[in-house]
Amino acid sequence: MERLKIIFKGRVQGVGFRYHALRIANTLKLTGSVKNLYDGDVEVYLQGNRKNINNFLEEISNQRFVRIDSRDIMEVAIKNDENSFEILF
């Protein structure tokens, strides 16, 4: 089990990115959150096994209208009490 903080840069706002992230994370049984940032980037926290996290990263990159120019990935502390993935506003 691991937890990552990922900042996605590119055309990631106004293209359904957060809703795709929610759908993919729920399908892969990942927990965490997704949130638009004021600078146009999107912040995602993902928690789960590495295989499912990698599958999430691959799947989110293949969404229609989404263009990911870069992503900054940092490992962060696991939240033991987290049990869902949510969109934050």
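Analyst: Buried here means under 20% relative accessible area, exposed means over 50%, and partly exposed lies in between, with a 1.4 Å probe and protein chains only. The model is predicted, so local features need pLDDT of at least 70 and side-chain atom pairs count only at pLDDT 80 or more, whereas totals for chains, interfaces and linings use all residues. Residues are numbered from 1 along each chain as its sequence is written, and side-chain values use heavy atoms, with hydrogens and water left out.

User: How many salt bridges does a search of the whole structure find?

Analyst: A salt bridge is counted when a side-chain nitrogen of Lys or Arg lies within 4 Å of a carboxyl oxygen of Asp or Glu. By that criterion, the number found in the whole structure is five.

User: Which residue forms a salt bridge with Glu82, and is Arg3 buried or exposed?

Analyst: The side chain of Glu82 meets that of Arg3, at 2.6 Å from N to O. This pair links distant parts of the chain, 79 residues apart, with Glu82 in the loop between β4 (67-76) and β5 (85-88) and Arg3 in strand β1 (residues 2-11); helices (H or I, at least four residues) and strands (E, at least two) are DSSP runs numbered from the N terminus. Glu82 has a relative accessible area of 19% and is buried. The partner of Glu82 is Arg3, and because its relative accessibility is 4%, Arg3 counts as buried.

User: How many residues apart in sequence are the parts that Asp41 and Lys9 tie together?

Analyst: The closest N and O atoms of the salt bridge between Asp41 and Lys9 are 2.8 Å apart. Asp41 lies in the loop between β2 (31-36) and β3, and Lys9 in strand β1, so the separation of the parts in residues is 32.
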